[in-house]
Amino acid sequence: MGQLPRVTMVIGGAASGKSDFAERLVIDSELPRAYIATAQAFDDEMRMKIDRHRKTRSGFGWHTIEEQVDLPKALSLVPSNSAILLDCATLWLSNLLLSEADIEKASNQVFALLEQRAEPIVIVTNELGHGIVPENKMAREFVQIQGRFNQRLAHQADLVIQVTAGLPLVLKGQMPEAGE
């Protein structure tokens with residue numbers, strides 16, 4: 001792979017392979033790399049998953065920033081000239097919802113920062129609209145929040161890739177060429 005565009009969106013369902021694909025994009029850019037992790041551990045299973053991810057990145061040149069809510073702060077901590085992987089927008093949005101933060105304000109801040117940054121950023125996000133309508137109000141509200149965020153991100157992104165069963169499908173833009 002070659003040079004990453006300024007904003008890349010990698011979207012897919014749970015366990016679709018989107019995070020692995022996004023990591024590969026950033027690694028193949030051959031730039032210094034930063035990883036912004038947004039997961040929170042609310043139970044033992046999630047703690048184990050976060051620990052596995054930490055070990056996977058450990059020793060492989062990732063500058064990792066763990067920030068569940070304040071993405072502008074996390075972005076300010078990224079070393080200059082780094083390719084950034086934000087994994088994932090869905091967990092970040094759910095953290096905002098659970099903390100009763102102003103999601104629209106936080107989203108607007110992040111989209112403004114995306115406009116200003118010169119370094120490439122790859123944002124992993126979940127596609128939630130392929131299932132049934134959730135039975136509870138909070139879940140339905142979250143699907144709407146996530147859907148609006150994804151649409152806005154897709155509009156702003158230079159490259160949008162959907163990953164299903166580990167296979168990428170370019171929806172917008174052009175995949176970086178090898179050796180570019």
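**View 1. Phenylalanine 111, a buried residue at 3% relative accessibility.** In this predicted model, local features need pLDDT of at least 70 and side-chain atom pairs count only at pLDDT 80 or more, while totals for chains, interfaces and linings use all residues. Residues are numbered from 1 along each chain as its sequence is written, and side-chain values use heavy atoms, with hydrogens and water left out. Phenylalanine 149 is likewise classed as buried, because its relative accessibility is 7% (buried, under 20% relative accessible area; exposed, over 50%; partly exposed, in between; 1.4 Å probe, protein chains only).

**View 2. The aromatic pair of phenylalanine 111 and phenylalanine 149.** Three aromatic pairs are counted (ring centres of Phe, Tyr and Trp, the last by its six-membered ring, within 6.5 Å; planes under 30 degrees apart are stacked, over 60 edge-to-face, the rest tilted). Phenylalanine 111 and phenylalanine 149 form a tilted pair, with 5.1 Å centre to centre and 40° between the planes. This pair links distant parts of the chain, 38 residues apart: phenylalanine 111 belongs to helix 5 (residues 103-116) and phenylalanine 149 to helix 6 (residues 137-156) (helices, DSSP runs of H or I with at least four residues; strands, E with at least two; numbered from the N terminus). Together with Trp92, Phe111 and Phe149 make up one aromatic cluster.

**View 3. Arginine 33 and the ring of tryptophan 62.** The charged end of arginine 33 sits over this ring, 5.3 Å from its centre (NZ of Lys or CZ of Arg within 6 Å of the ring centre and within 35 degrees of the ring normal).

**View 4. Phenylalanine 42 in a loop.** Phenylalanine 42 lies between strand 2 (33-37) and helix 2 (44-57). It counts as exposed because its relative accessibility is 58%.
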